[in-house]
Amino acid sequence: GQGITEAFVSAGATLVTSARSEAEPFSGTTHVQCDVRDPESVQAMVDRIVAKHGRLDVLINNAGGAPSASAAEASPRFHDKIIALNLNAPLLVAQIANRAMQEQGSGGSIVNISSIAGLYGNAGQASYSSAKASLVGLTRTMCKEWGRYKVNVNCVAFGLINTRLTQPIEAQQKTIDVAGRDIKVGVQPQMLDAMARMIPLGRGGTPEEAADAVYLFCSPESNYISGQVVVAGGGLLI
């Protein structure tokens, strides 16, 4: 998210970030508090953006999360929470953004952030993998429905990106609540090593490289590209 933000600001975009909590805006941006799972909160955010800036040209659906849990043992509530954030929320935000983009006449661009876990699965991430796989299908469906109204919808499925959320779990202090469970953010060191060995480039991507993949779909050069799913993982992780 930060890498994408910095890339768009560098390109001269007027950028609005959002999160469930208040935050200090990145330099050159505006921050809006919004729960992307709540229709009223999302509608208020889009209305505020359009009222202030006159239009909405780009939506990046980047919110998500993937705490590990066994498919056999995770509770129904846990599965519901993960799917709500990783699938239902992007659909909701895209629906509301699409209406604003169509009303302004010039359309816009929507980029959904998926994961290679959605293409190949990943042990311990049944709900997340399912949601991210569905996001690919959702992207292709929205493209077919909204393309005639000049709203392009594309998807980037990332592999390992080296951010603070993928640092060794021992180095993390942050915990998050997921369906009543206190989960520490991070990745087990042995898992990071295994993932890096399976990537042909031998390393995870940087936030700047991730931003480049997203920005491609929002640039004028991509006006005729829609319904595409790009795997950005230094090669396929299988």
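Is aspartate 35 buried, partly exposed or exposed, going by its relative accessibility?

Tutor: This is a predicted model, so what follows describes computed geometry. Aspartate 35 counts as partly exposed, because its relative accessibility is 23%, and the limit for a buried residue is under 20%. The partner of aspartate 35 is arginine 37, with which aspartate 35 forms a salt bridge whose closest N and O atoms are 2.9 Å apart. Arginine 37 is likewise described as partly exposed, its relative accessible area being 36%.

Side chains of opposite charge can pair when their charged atoms come close. A search of the whole structure finds two salt bridges, and the pair of aspartate 35 with arginine 37 is one of them. Another joins aspartate 57 to arginine 55, where the closest N and O atoms are again placed 2.9 Å apart. Aspartate 57 counts as partly exposed at 36% relative accessibility, and arginine 55 is partly exposed too, with a relative accessible area of 33%.

On the side of helix 2 the meeting residues are Pro39, Val42, Gln43, Val46 and Val50, while helix 3 contributes Leu92, Val93, Ile96, Arg99 and Ala100. By class, the residues of this contact of helix 2 with helix 3 divide into eight nonpolar, one polar and one charged.

Helix 3, covering residues 76-103, also packs with helix 5, residues 126-146, at an angle of about 15° and with their axes 9 Å apart. Helix 3 and helix 5 are therefore roughly parallel to each other, and helix 3 passes helix 5 in a right-handed crossing. The residues of helix 3 that make the contact are His79, Ile82, Ile83, Asn86, Leu87, Pro90, Leu91, Ala94, Gln95, Asn98 and Gln102, and those of helix 5 are Ser127, Tyr128, Ala131, Lys132, Ser134, Leu135, Leu138, Met142 and Trp146. Sorted by class, the contact of helix 3 with helix 5 has twelve nonpolar, seven polar and one charged residues.

Beyond helix 5, the loop between helix 5 and strand 5 (151-158) holds lysine 150. Lysine 150 has a positive phi of about 70° although it is not a glycine, and at 51% relative accessibility lysine 150 counts as exposed.

Another helix pair involves helix 1 and helix 7 (residues 207-216), which pack at an angle of about 60° with their axes 8 Å apart. That angle makes helix 1 oblique to helix 7, and the crossing of helix 1 and helix 7 is right-handed. Here Gly3, Ile4, Glu6, Ala7 and Phe8 in helix 1 meet Pro207, Glu208, Ala211, Val214 and Tyr215 in helix 7. The residues of the contact of helix 1 with helix 7 divide into seven nonpolar, one polar and two charged.

Two glycines complete the tour. Glycine 12 lies in the loop between helix 1 (2-10) and strand 1 (15-19), and glycine 12 counts as exposed at 62% relative accessibility. The C-alpha atoms of glycine 12 and glycine 28, which are 16 residues apart along the chain, are separated by 9.2 Å. Glycine 233, by contrast, is buried, with a relative accessible area of 9%, and the place of glycine 233 is in the segment after strand 8 (229-232). Once its neighbours within four places in sequence are left aside, glycine 233 is in contact with Gly159 and Ile199, and the C-alpha atoms of glycine 233 and glycine 205, 28 residues apart along the chain, are separated by 7.0 Å.

As for the setting of these parts, the chain has seven helices and eight strands, and of its 238 residues 41% count as buried. Among the contacts in the chain with a separation of 6 or more, residues 24 or more positions apart account for 65%.

Note on methods: Residues numbered from 1 in each chain as written. Predicted model: local features only at pLDDT ≥ 70, side-chain atom pairs only at ≥ 80, totals over all residues. Heavy atoms only, no water. Salt bridge = Lys/Arg side-chain N within 4 Å of Asp/Glu carboxyl O. Buried < 20%, exposed > 50% of the residue type's maximum accessible area, 1.4 Å probe, protein only. Axes fitted to C-alpha atoms, helices over the stretch in contact; angles between N-to-C directions. Helix = DSSP H or I, 4+ residues; strand = E, 2+ residues; numbered from the N terminus. Parallel < 35°, antiparallel > 145°, perpendicular 65-115°, else oblique. Left-handed = near helix turned anticlockwise from the far one by under 90°. Contact = heavy atoms within 4.5 Å. Nonpolar A, V, L, I, M, F, W, Y, C, P; charged D, E, K, R; others polar.
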